[in-house]
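Let's take a friendly walk through the overall form of this chain and the open spaces on it. Have the model at hand as you read.

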Amino acid sequence: MTATVTLLHAGRSSQDMHATYRAAILRDKLLELAEQLNTTSRTLVELAANHTATIVPSYTNGVAAQPNSYAHQLLGHAAGLDRDAQRIREAYARVDRSAMGTTVLNGTGWPLDRERMAEYLGFGAVVDNAYDASQISSMEHPVEVGSIVTSVALHSGNFVEDVLTQYAQTRPWILLEEGEGNTFVSSAMPQKRNPGLLNDTRSDASQAVTLAQGPVFQTHNITPGMPDPKEVDNNTEVVDAGIKALAGLDEVLKALVVSPERALEEVNSDWTASQEIADILMRDHGLPFREGHHVASEIVTFARSENIGPLQFPYPEAQRIYTESVAGTDNPQELPLTEAEFRAALDPVAIVNNRTTSGGSQPAEVERMITEARERLTAQDEWIGQRREHVATSLAELDEDFAGLRG
């Protein structure tokens, strides 16, 4: 009897068992991260669907650059989160491999059925190389998962910072709904409504980035197989930090109060539409780009010197600036735009709606992107469900078969 009982330890090692249970825990955490990512992404896409007609300023180099629909801008953020979802699926396939049966690092003389072990534990495959199983891949997994958490946190923080940039305006066009933990009143300055939720979410994202670097430093300059980066509690904390940042972003998205009127007013307060003048002069009237750009730039320079906004700019001044700018060239010497055409060229709504490139801000493309984003989210939900069902079914079969052995 004693000899029979000792067979339970045949072909087993803490090396392959630890590598296996760590992978099992990490794949479960990846599914939790994927689920929160999908929840937050869906909130983002639906917010976009509600703002297809909202025109806001977009920025490059920290300066107002062009008008855009808020839906198009939000879908850009959603595209980043979708790539994070892709990374999770790809990493899951690499984590979802069983090390059981590899024993210490080079296999065993016992004829173990590694594939059957993997099936019982719900893994999609085995780690092929026994040395890789406990010495290389088990150190690599936390680093890869940490990189995904880093990306998720950076995307979350980028969005928050984008909102905070305009939040500092005297009259922001995007605010948080007051109260409910979203904002708080200053203890000294009664006029202030501090965006606590934005600050907390940014801080959570920074914390996630900080924790996610841990496995990198722990794996750096150690020999293969060392336990430094493998600690389950530490790696679980990394993923949980990513989940927390995403949950905070979800709250932010649900609490946003957007004023389309104020946003359009902000767009029209500056010359973000000026590129359209240069484009029309080149596209419709044959001016070389450099000269059309120069005309538009001179109009903006004069307008700012005189504190004139685009909606108030005098058409005769546009005619004068054009004629002076093209003097001595082979181009038409009079502004080829009528006053109505000149005004239309400065209309941010028309600019956004008249884009023609795929992936542009025009309504048809925005609607297409919303539809496809929703489809991807549905597919991601199904993937999460399938992975969980596979693991649960496999473990149930293991329990059933083990119970049969005891009977």
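A pocket here is an open set of grid points with protein on both sides within 12 Å along at least five of seven lines, and a residue counts as lining it if one of its atoms lies within 4 Å of a point. Please keep in mind that this is a predicted model.

The second largest pocket draws at least two lining residues from each of β2 (63-69), α11 (274-283) and α12 (289-305). Of these, α12 gives the largest share, with six residues. Closest to the centre of this pocket, among its 15 lining residues, are Trp 271, Ser 274, Gln 275, His 293 and Val 300.

Now for the largest pocket. Its lining takes at least two residues from each of α2 (14-49), α4 (114-120) and α16 (363-406). There are 22 lining residues, and those closest to the centre are Met 100, Met 117, Tyr 120, Leu 398 and Phe 402.

Here are the two side by side:

| Pocket | Volume | Lining residues by type |
|---|---|---|
| Largest pocket | about 700 Å³ | 14 nonpolar, three polar, five charged |
| Second largest pocket | about 290 Å³ | seven nonpolar, six polar, two charged |

What about the chain as a whole? It has 16 helices and eight strands. Its radius of gyration is 29 Å, well over the 22 Å that the globule rule gives for 407 residues, so the chain is more spread out than a compact globule. The C-alpha trace spans about 105 × 55 × 40 Å along its principal axes. Of the 407 residues, 45% count as buried. The chain exposes about 20,500 Å², with 52% of that supplied by carbon and sulfur atoms.

Definitions and conventions:
Residues are numbered from 1 along each chain as its sequence is written. This is a predicted model: local features need pLDDT of at least 70, side-chain atom pairs count only at pLDDT 80 or more; totals for chains, interfaces and linings use all residues. Side-chain values use heavy atoms; hydrogens and water are left out. On a 1 Å grid over the protein atoms alone, a cavity is a set of points where a 1.4 Å probe fits but cannot get out, and a pocket is an open set with protein on both sides within 12 Å along at least five of seven lines; lining residues have an atom within 4 Å of a point. Grid points are joined across faces, edges and corners, and a volume is the space filled by probe spheres set on the points. Helices (H or I, at least four residues) and strands (E, at least two) are DSSP runs, numbered from the N terminus. Ala, Val, Leu, Ile, Met, Phe, Trp, Tyr, Cys and Pro count as nonpolar, Asp, Glu, Lys and Arg as charged, and the others, Gly among them, as polar. The radius of gyration is taken over C-alpha atoms; the globule rule is 2.2 Å times the number of residues to the power 0.38. Buried means under 20% relative accessible area, exposed over 50%, partly exposed in between (1.4 Å probe, protein chains only). Accessible areas come from the Shrake-Rupley method with a 1.4 Å probe; for residues, only the protein chains shown count as cover.
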